[in-house]
Amino acid sequence: MDIKRIAGTAWAAWDDEKGVIIDTAKRGQRESLLKKIDELGVKVDYILLTHTHYDHMGSAETLREKTGAKVVVGAGEADCIRKGHTGVPKGTNAFARMMGSAGHEIEPKQVEFYEPVTRAIVEISEETRLEFGGSFITALPLGAHSSGSVGYEIGEDFFAGDVVFAIGPVIYPLFADFEEDIKAAWEKIISSGAKYIYPGHGRRLTKEFFEKQYEKRFK
């Protein structure tokens with residue numbers, strides 16, 4: 001399985017001539033994403049959304065239209081993508097709460113709205129297995145960061161979205177609408193068969209490192 005970050009929050013995973021896109025970055029990165037996908041030369045079967053905030057959802061409709069892929073989304077946010085609107089999440093500390101409030105008040109159209117997706121939607125409400133080419137994806141509802149947050153296990157790799165944050169030494173998410181559920185979401189990730197965790201922002205983590213951070217935070 002080959003994996004590559006293609007723009008912002010967007011990743012591509014592919015095996016031979018079939019692939020998937022995980023998250024779709026911002027609206028302004030649409031053309032860059034399409035160019036990178038063309039360069040890969042693979043057929044995109046699925047667009048896997050870890051959640052629907054603007055920096056993960058912004059280019060989804062453009063990619064769906066150009067690739068013909070199905071858009072996979074947590075059931076808790078399926079109505080959001082049909083409307084083209086997802087609210088700003090809550091901060092988990094004072095600094096993050098200030099950032100969220102400022103972004104919402106100053107330029108709400110930049111942090112909440114995106115082009116709606118109304119076709120080829122696959123809703124995830126429970127653990128679901130998807131297939132592309134000769135590979136399989138396990139879509140696992142995580143919640144915590146947002147009502148429809150979903151993690152995707154592809155082989156030895158797990159795409160966790162913003163349930164995990166990995167810029168700097170701390171991996172605890174800066175934003176979460178359901179902070180009380182982060183512990184359970186992390187336990188689901190640890191229980192997966194993945195060796196590597198890809199946060200929505202930041203570097204790839206090893207499972208061993210992630211488990212140590214879990215122990216520090218919750219034990």
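Good morning. One thing before we start. This is a predicted model. Keep that in mind throughout.

Let's begin with two helices. Helix α7 covers residues 182-191, and helix α8 covers residues 207-218. How do we describe such a pair? Two packed helices are described by the angle between their axes and the distance between the axes. Here the axes come within 11 Å. They cross at roughly 155 degrees. Angles over 145 count as roughly antiparallel, so α7 and α8 are roughly antiparallel to each other. The crossing of α7 past α8 is left-handed.

Stay on α7 for a moment. Find E187 and K183. Their side chains meet in a salt bridge, 2.6 Å from N to O. Why are they about one helical turn apart? Because E187 and K183 are four residues apart in helix α7. Now look at how open they are. E187 has a relative accessible area of 29%, so this residue counts as partly exposed. K183 is at 31%, and is therefore partly exposed as well.

That brings us to salt bridges in general. How many salt bridges are there? The count comes to eight. I'll show you some of them.

Go to helix α4, residues 78-83. R82 and D79 both lie there. They form a salt bridge, and their closest N and O atoms are 3.7 Å apart. Is R82 buried or exposed, or in between? R82 is partly exposed, at 35% relative accessible area.

E156 and K195 form a salt bridge, 3.8 Å from N to O. This pair links distant parts of the chain, 39 residues apart. E156 is in the loop between β9 (150-154) and β10 (157-166). K195 is in the loop between α7 and β11 (196-202). E156 is partly exposed, with 36% relative accessibility.

There is also a network. Which residues are linked in it? K18, K43 and D45, joined by salt bridges.

Now the surface. Look at F95, M98 and M99. They make a nonpolar surface patch of about 320 Å². M98 is in helix α5, residues 94-106. Why does M98 count as exposed? The cut-off for exposed is over 50%. M98 has 53% relative accessibility, so M98 is exposed.

From there, find N93. N93 is in the loop between α4 and α5. N93 is partly exposed, with a relative accessible area of 30%. N93 and F165 are 72 residues apart in sequence. In space, their C-alpha atoms are 14 Å apart.

Next topic: the backbone. Most residues other than glycine have a negative phi, and most peptide bonds are trans.

Take D23. Phi of D23 is near 65 degrees, a positive value, and D23 is not a glycine. Where is D23? In the loop between β3 (18-22) and α1 (30-40). D23 has 2% relative accessible area, so D23 is buried.

Then A144. A144 also has a positive phi, about 70 degrees, although not a glycine. A144 is in the loop between β8 (135-141) and β9. With a relative accessibility of 2%, A144 counts as buried.

Two more residues, then I'll stop.

I47 is in strand β4, residues 43-48. Buried or exposed? I47 is buried, at 0% relative accessible area. I47 and S125 are 78 residues apart along the chain. Their C-alpha atoms are separated by 17 Å.

Last one, R203. R203 is in the loop between β11 and β12 (205-206). R203 counts as partly exposed, at 36% relative accessibility. R203 and I167 are 36 residues apart along the chain. Their C-alpha atoms are 6.9 Å apart.

Quick recap. α7 and α8 are roughly antiparallel. The salt bridges number eight. Thank you.

Note on methods: Residues are numbered from 1 along each chain as its sequence is written. This is a predicted model: local features need pLDDT of at least 70, side-chain atom pairs count only at pLDDT 80 or more; totals for chains, interfaces and linings use all residues. Side-chain values use heavy atoms; hydrogens and water are left out. Patches are made of residues with over 30% relative accessible area and no salt bridge: like charges are joined within 9 Å, nonpolar side chains (Val, Leu, Ile, Met, Phe, Trp, Tyr) within 5 Å. Accessible areas come from the Shrake-Rupley method with a 1.4 Å probe; for residues, only the protein chains shown count as cover. A salt bridge is a side-chain nitrogen of Lys or Arg within 4 Å of a carboxyl oxygen of Asp or Glu. Buried means under 20% relative accessible area, exposed over 50%, partly exposed in between (1.4 Å probe, protein chains only). Axes are lines fitted to C-alpha atoms, for helices over the stretch in contact, and angles run from 0 to 180 degrees between N-to-C directions. Angles under 35 degrees count as roughly parallel, over 145 as roughly antiparallel, 65 to 115 as roughly perpendicular and the rest as oblique. A crossing is left-handed if the near helix is turned anticlockwise from the far one by less than a right angle, and right-handed if clockwise.
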